[in-house]
Amino acid sequence: MRRTIPHTILALTALTLVLAGCGGQSDSGRGGSSSVSSSPTPTTSPSTRPTGSPTGCATASTLTARDSGRTVCLAVGETIRVSLDGTAKRPWKPVAAKGSGLEAANSGFVLQPGDASAAYKAVSTGRTRLESTRPLCAAQTGRVSCLGLQEWWVTVVVR
């Protein structure tokens with residue numbers, strides 16, 4: 001008599017293998033939290049300190065991946081730096097600025113493949129959205145991959 005495996009077990013095994021194709025990669029711990037959500041909850045990082053204003057605006061000198069979704073305030077003349085730690089297989093796109101009030105400044109060198117670095121000087125009152133993306137999953141030849149993106153953005157208000 002020949003034994004057969006129920007189709008349910010085969011389907012569950014195939015589903016597990018497909019899902020493991022994207023979630024099984026490690027990220028070396030750099031670049032913030034290992035979990036990703038489409039609308040991240042802002043967290044307080046060592047680089048920011050709340051001002052107590054009712055607008056939820058905080059001051060910051062350096063922004064990292066943990067600051068995604070935050071609103072920070074600058075005074076005219078201040079500089080803000082962005083340092084996003086990525087990997088060669090999950091690189092950050094260059095930081096883009098959309099809005100007014102900030103002017104690109106020298107951010108120095110990016111030494112690690114996949115990192116994004118930028119600096120902006122507050123030159124006039126205004127509001128700017130800084131943003132970048134990177135792949136959720138590392139692309140690997142011969143493996144199932146996903147096309148999702150991790151978004152990063154910060155709103156900078158210059159007063």
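Predicted model: local features only at pLDDT ≥ 70, side-chain atom pairs only at ≥ 80, totals over all residues.

In which sense do β3 and strand β5 (residues 79-84) pair, and over how many bridges? I looked: β3 and β5 pair in the parallel sense, over two bridges. Two strands count as paired if DSSP finds at least two bridges between them. One bridge I noted joins Leu 63 to its partner Val 82 in β5.

Residues are numbered from 1 along each chain as its sequence is written, and side-chain values use heavy atoms, with hydrogens and water left out.

Next, the sheet. I found four strands in an open sheet, ordered β3-β5-β8-β7, with mixed pairing. Its edge strands are β3 (62-63) and β7 (102-105), each pairing on one side only.

Then I checked the whole chain. It has one helix and 10 strands (DSSP runs numbered from the N terminus: helices are H or I with at least four residues, strands are E with at least two). Buried residues (under 20% relative accessible area, 1.4 Å probe, protein chains only) make up 31% of the 159 residues.

Last, I picked Thr 155, which lies in strand β10 (residues 149-158). Thr 155 is buried, at 15% relative accessible area. Leaving aside neighbours within four places in sequence, I see Thr 155 in contact (heavy atoms within 4.5 Å) with Arg 70, Thr 71, Val 72, Arg 127, Thr 128 and Arg 129.

How values were computed:
Buried < 20%, exposed > 50% of the residue type's maximum accessible area, 1.4 Å probe, protein only.
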